[in-house]
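Hi there,

Here is the structure I promised to pass on. Have a look at it first, and then read my notes below.

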Amino acid sequence: MRPVCERCDAPLAPDSLAARICSYECTFCATCADGDLAGSCPNCGGELLTRPRRKG
Ligand SMILES: [Zn+2]
Ligand SMILES: [Zn+2]
């Protein structure tokens with residue numbers, strides 16, 4: 001699990017609700033994903049979804 005946004009280097013904690021991830025595990029923050037990226041991964045074109053939080 002990547003600890004930072006690939007685009008703006010914002011820190012993304014394992015339990016962060018602001019983390020977005022595509023099916024290839026490209027990781028972005030909510031600000032980038034919901035803003036400039038408009039929900040699409042700039043690397044592979046996949047859909048960016050809320051990253052499941054690590055449990056325990
Ligand atoms: Zn970002
Ligand atoms: Zn991707």
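What is the mean pLDDT of the protein chain, and what share of its residues reach 70 or more? This is a predicted model, and the mean pLDDT of the chain is 94, with 96% of residues at 70 or more. Among the elements, strand 2 has the highest mean pLDDT (98) and strand 3 the lowest (96).

**Overall layout**

The chain has 1 helix and 3 strands, and along the sequence they follow the pattern β-β-α-β. The C-alpha trace spans about 30 × 20 × 15 Å along its principal axes. For 56 residues, a compact globule would have a radius of gyration near 10 Å, and the chain agrees with this because its own value is 10 Å. Of those 56 residues, 25% count as buried. If you look at contacts between residues at least 6 apart in sequence, 33% of them join residues at least 24 apart.

The 3 strands form an open sheet in the order 2-1-3, with antiparallel pairing. Strand 2 and strand 3 (49-50) are the edge strands, each pairing on one side only. Strand 1 and strand 2 run antiparallel and are joined by 3 bridges. Within that pair, Ile21 stands opposite Thr27 of strand 2.

**The core**

Which residues make up the largest nonpolar core? There are 11 of them: Cys5, Leu12, Ala19, Ile21, Cys22, Phe28, Cys29, Cys32, Ala33, Cys41 and Leu48. Strand 1 (19-21), strand 2 (27-29) and helix 1 (30-34) each supply at least two residues of this core.

Leaving aside neighbours within four places in sequence, Ile21 is in contact with Cys26, Thr27, Leu48, Leu49 and Arg51.

Two residues other than glycine have a positive phi. One is Glu25, with a phi of about 70°, in the loop between strand 1 and strand 2. Is Glu25 buried or exposed? Glu25 counts as exposed because 12 other C-beta atoms lie within 10 Å, and the cut-off for exposed is 12 or fewer.

The other is Ala38, whose phi is near 55°. Ala38 sits in the loop between helix 1 and strand 3 and is exposed, with 10 other C-beta atoms within 10 Å.

Pro42 is found in the loop between helix 1 and strand 3 too. Pro42 has 17 other C-beta atoms within 10 Å, so it is partly exposed; a residue would need 20 or more to be buried. Pro42 and Cys22 are 20 residues apart in sequence, and their C-alpha atoms are 10.0 Å apart in space.

Finally, Ala13 lies in the segment before strand 1. Ala13 is exposed, with 12 other C-beta atoms within 10 Å. Ala13 and Pro3 are 10 residues apart in sequence, with 6.1 Å between their C-alpha atoms.

Happy to go through any of this with you at the screen.

Best wishes

Notes. Residues numbered from 1 in each chain as written. Chains lettered and ligands numbered in written order. Predicted model: local features only at pLDDT ≥ 70, side-chain atom pairs only at ≥ 80, totals over all residues. Core = buried A, V, L, I, M, F, W, Y, C linked by C-beta atoms within 7 Å. Helix = DSSP H or I, 4+ residues; strand = E, 2+ residues; numbered from the N terminus. Contact = placed C-beta atoms within 7 Å. Pairing = 2+ DSSP bridges. Rg over C-alpha atoms; globule rule 2.2 N^0.38 Å. pLDDT = per-residue confidence, 0-100.
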